[in-house]
Amino acid sequence: MVSDLTWPEVGALRAARPVLAVPVGSTEQHGPQLPLSTDTDLAVALSAGLAARFPEVVVAPALAYGASGEHAGFPGTLSIGQEALELVIVELCRSATETFERVVVINGHGGNVEPLRRAVTRLRGESRDIRLYLPRYDGDAHAGRTETSLQLALSPDRVRIGRIEPGNTRPLAEILPELREGGVRAVSANGILGDPVGATAAAGARLLECLISQLSEQIRQWWPEPVERIRP
């Protein structure tokens, strides 16, 4: 991780044209069974997995606050909103590109997508080599079987197994109008959109490996030179 290095050590990396991976998550409710850091944990795991495969990738400290206004009303949710998130990413990447020619922002929270896209568009308009990775996978909308499986794979001791219970299992398209109007609290008393019952660490590990491979392939497409020496 870049924060573990000294400035001369970072300077010595410049010849390899390193890629800085910036994990961006959130601090928000994930039902009664998952920690508030769930989205950040995923972004950090993806960044670490990428760095394990590519020697040119250096991981930045995670940004653990995002745009989580839809989770207002649940204790512990800490949101900085879309405008603030966009500005943080713009200024952070402007600073980062003084050292790193290439930056990939790795997102772990769906509510961050629009402000991150706006920030990256703005940065690329300034001729900065910034990319945005948005993990794509099927599964529950929020804190269901998919995210619970991922967290079981990452840190099973942080999953409250005894508190796993179904949430609102109606299709997302069906509840979307009410969700947009009143947030998650309006459609799910426990904060879950889906059903985490039956989640397993094995399923989470398979998905995590798939997402790291997906991210790795995008890195190869974005920067074929010199990011090509993938580790086995």
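This is a predicted model: local features need pLDDT of at least 70, side-chain atom pairs count only at pLDDT 80 or more; totals for chains, interfaces and linings use all residues.
First, the ground rules. Residues are numbered from 1 along each chain as its sequence is written, and side-chain values use heavy atoms, without hydrogens or water. Local features need pLDDT of at least 70 and side-chain atom pairs 80 or more, while totals for chains, interfaces and linings use all residues.

Start with β1, residues 19-24; strands are DSSP E runs of at least two residues, helices H or I runs of at least four, numbered from the N terminus. Six of its six residues are buried, so β1 is largely enclosed by the rest of the structure. Buried means under 20% relative accessible area with a 1.4 Å probe, protein chains only. V19, A21 and P23 point one way, and L20, V22 and V24 the other. Side chains in a regular strand alternate between the two faces of the sheet.

Now its neighbours; pairing needs at least two DSSP bridges. A21 stands opposite V59 in β2 and opposite V104 in β3.

Next, the second largest pocket. A pocket is an open set of points on a 1 Å grid over the protein atoms alone, where a 1.4 Å probe fits, with protein on both sides within 12 Å along at least five of seven lines; lining residues have an atom within 4 Å of a point. L20 and V22 are among the residues lining this one. Helix α3 (81-96) gives the largest share of that lining, three residues.

Last, the largest pocket: 32 residues line it, with H109, G110, G111, V113 and A141 nearest its centre.

Definitions and conventions. Buried means under 20% relative accessible area, exposed over 50%, partly exposed in between (1.4 Å probe, protein chains only).
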